[in-house]
Amino acid sequence: MYTEESAPRTLAEKVWNDHVVVRGENGEPDLIYIDLHLLHEVTSPQAFDGLRAAGRGLRRLDQTIATEDHNTPTLDIDRPIADPTSRTQIQALRTNAAEFGVRLHSLGDAEQGIVHVVGPQLGLTMPGITVVCGDSHTSTHGAFGAIGLGIGTSEVEHVMATQTLPLKPFKTMAINVDGILRPGVTAKDIILAVIAKIGTGGGQGYILEYRGSAIRALSMEGRMTICNMSIEAGARAGMVAPDETTFAYVKDKPHAPRGADWDEAVAYWRTLPTDDGARFDREITINADELEPFVTWGTNPGQGIALSENVPDPDDFADENDRAAARRALEYMDLTPGTPMKDIPVDAVFMGSCTNSRIEDLRAFASIIKGKTKAESVRVMVVPGSAKVRLQAEAEGIDKIVEDFGAEWRFAGCSMCLGMNPDQLAPGERCASTSNRNFEGRQGKGGRTHLVSPLVAAATAIRGRLSSLSDVAEEVMA
Amino acid sequence: MEKFTTVTGVGVPLKRSNVDTDQIIPAVYLKRITKTGFDDALFAAWRKDPDFVLNDPLYKSGTILVAGPDFGTGSSREHAVWALRDYGFKVVISPRFADIFAGNSGKQGLVAAKVPEPNVERLWELMDASPGLELTVSLEDCTIVAGGETFAFDIDEYTRWRLREGLDDISLTLRNEDAITQFEARRAGWLPKTLPIASTVAE
Ligand code: SF4
């Protein structure tokens, strides 16, 4: 990533180079400046404790913001949190934020929510910045043309104390997605297809840049869905070059630049997209015209196929490791090779997580379920990404649509994405989930997760088995 | 982080190989929210056994752990180093360390000293001959002195320098304090600022 300024450069290289405080020599890491640091209750307590033990302060309170999300309950939010570990973590964040002077949005506050929903909605996430958080899905912020990195607790402490991180340069990979998506196919399907193509380790060591006409045509929220799951391909970050869609989204957000600052910012942001002729270390192409709604059948996000296909046969995998992994996954998921994916009944539908819990996701989900009733056997939970999204949805009547459908309308948080709060699957339960990880036990011990888009989640909630929009439409017509 | 030059203290023989981080600190202790105060968690499962070496009053105040090969394998939890440090250990001696453990040690001021297996066995013999024997570990010349005998140990040069200078990651970065301050002075005024607070909700 040391391309000279005069030579054609990629988006990632430009943002990186503009944040080098000290260039590392002889293979040493670069010291990179961090514009924005997001905190939540799970990965911050030890970092605060480390600062305290060393007698250090937090260098840039004005570039730091905290919210409560992983442990927060999504029901009865005015009552004390029952689980002692969850309660302790949240209490620790409150005490630490008060002691160090960190801006915190607590449960019940209108700005509280999943950290990756809160940053963009406040206009703090903007093009060309570096943003870090002690959470792997910080890659979400790359949708703005920022470098968003998930970091560990020691690095959280490092950023608190120095507002920098020593980082080794990454390689760059272009993911070209050209064409026009068919109706019912969404950003989520693009990223599930990308991960199925390159594998969960395919992005290791890379910053991915999503390019091409299908990406340009996406809304900011769709781009966030894609960048969010870059981490599931093993990548360190994912990015989309900023354009008019980006600027329109950021403009007039509470912390967005205003007046002359806005003009200056936009002028700079326009210089960021990858130059013609810039070289990527690797390039991948996906044809958007051919994409179908996607779903995972296994226990990692790379184990996905088109929803119209059948559960794969492990023996069909060329690689011995893939065969073994598929066998294990099918056993855990209790699936038989050859079964049509659409014949698989589910017990639960989870509509939420930092992948798909923004207002557009809720609108998409609501537009399908409107006026219908959920399948009787299915439990459906709708969890907005932030309190603000919840308020917005309620102003649009989405809460009513959800409740009339027979689904649960919850308060904001990570919820069943990882089940740190009481929102969990029971052992053996099967869930269609709009989240990002289908690991064993992720949504509750013994729970089985199929990753899907909000549209597939809605269709599945109506029919009680994995379904696409076209299945619902056909039923209506019949 | 304190500068490390020479430490003299009671050597604790831990005659086991493959002491993984789950043994050093069991997973249940990872729920804690502090980075300090893990002394009670160190070898928690083994300490329930009255015959475990740290339950012997002679070794209770030990600061130098002498263990078998492949120390610190398994999960990458930094807590393993915190627990050893909080208990009071300044040095761990072993014929081989897991890479991540050795890396984490250097960052927390714990010396992971590599000594060939026959010499570790000789150290055990010396410690058995006079239980509670004090060892002296010097980073100046990378030696261990025990019962009049001297043993060399290995540690990578960079880690040795950090330990002698007492530099944790943050202090290392803060050597560039001026560069950071200059960088901040050059930054555009419109970049994100979380303070003062602007609300979305009042709009
Ligand atoms: S919603 Fe899920 S993936 Fe996103 S931050 Fe929360 S736990 Fe992590």
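Asp70(B) sits in the loop between strand E2 (64-67) and H3 of chain B. In this predicted model, the phi of Asp70(B) is near 60°, a positive value in a residue other than glycine.

**Other backbone details**

- Asn26(A) is not a glycine either, yet has a positive phi of about 55°.
- You'll find Asn26(A) in the loop between strand E1 (20-22) and strand E2 (30-33) of chain A, and with a relative accessible area of 79% Asn26(A) is exposed.
- Chain B has a cis peptide bond from Leu195(B) to Pro196(B), with omega near -5°.
- Pro196(B) belongs to the segment after H8 of chain B.

**Where chain B meets chain A**

- How many residues does each chain bring to the contact? Chain A brings 52 residues and chain B brings 38 residues.
- Put together, the two chains bury about 3800 Å², and carbon and sulfur atoms give 60% of that area.
- The interface of chain B and chain A has 6 salt bridges by the rule, along with 23 residue pairs in polar contact, both residues at pLDDT 80 or more.
- On the chain B side, the elements giving two or more residues are helix H3 (79-87), helix H7 (169-174) and helix H8 (177-186).
- H8(B) gives the largest share of that side, 6 residues.
- Sorted by class, the chain B side has 17 nonpolar, 11 charged and 10 polar residues.
- One salt bridge between the chains pairs Asp35(A) with Arg187(B), with the closest N and O atoms 2.7 Å apart.

**Salt bridges**

- Over all chains, the structure holds 42 salt bridges.
- Glu99(A) and Arg52(A) make one of them, their closest N and O atoms being 2.6 Å apart.
- That pair links distant parts of chain A: Glu99(A) is in helix H3 (residues 84-100) and Arg52(A) is in helix H2 (residues 45-54), 47 residues apart.
- Glu99(A) is partly exposed at a relative accessible area of 48%, and Arg52(A) is partly exposed at 33%.
- Asp471(A) and Lys342(A) form a salt bridge too, at 3.0 Å from N to O.
- Asp471(A) lies in helix H16 (residues 469-477) and Lys342(A) in the loop between helix H11 (320-333) and strand E15 (348-351) of chain A, so this pair ties together parts 129 residues apart in sequence.
- Are these two partners buried or partly exposed? Asp471(A) is buried, with a relative accessible area of 11%, whereas Lys342(A) counts as partly exposed at 21%.
- In chain B, the side chains of Arg164(B) and Glu140(B) meet in a salt bridge of 2.9 Å, N to O.
- Arg164(B) is in helix H6 (residues 157-165) and Glu140(B) is in the loop between strand E5 (134-138) and strand E6 (143-146), 24 residues apart.
- Arg164(B) is partly exposed at 30% relative accessibility, and Glu140(B) is partly exposed at 36%.
- Shared partners join Arg59(A), Arg60(A), Asp62(A), Glu177(B) and Glu184(B) into one salt-bridge network.

- H2(A) is mostly covered, with 7 of its 10 residues buried.
- The buried residues of H2(A) include Phe48(A), Asp49(A) and Leu51(A).
- What do they pack against? Their neighbors are strand E3 (36-39), H3 and helix H5 (153-162) of chain A, together with H3 of chain B.
- Just after H2(A), Gly55(A) has a positive phi of about 70°.
- Helix H15 (residues 454-463) of chain A has 10 of its 10 residues buried, so the rest of the structure largely encloses it.
- Arg463(A) is among the buried residues of H15(A).

**Around the ligand**

- The residues around the ligand include His70(A), His116(A), Asp135(A) and His137(A).
- Also in this group are Cys354(A), Cys414(A), Cys417(A) and Arg442(A), among others.
- The shell divides into 5 nonpolar, 5 polar and 2 charged residues.

Definitions and conventions:
Residues numbered from 1 in each chain as written. Chains lettered and ligands numbered in written order. Heavy atoms only, no water. Near = heavy atom within 4 Å. Nonpolar A, V, L, I, M, F, W, Y, C, P; charged D, E, K, R; others polar. Contact = heavy atoms within 4.5 Å. Buried area = accessible area lost by both parts, 1.4 Å probe. Salt bridge = Lys/Arg side-chain N within 4 Å of Asp/Glu carboxyl O. Polar contact = N/O pair within 3.5 Å; in protein donor to acceptor, adjacent residues only side chain to side chain. Helix = DSSP H or I, 4+ residues; strand = E, 2+ residues; numbered from the N terminus. Buried < 20%, exposed > 50% of the residue type's maximum accessible area, 1.4 Å probe, protein only.
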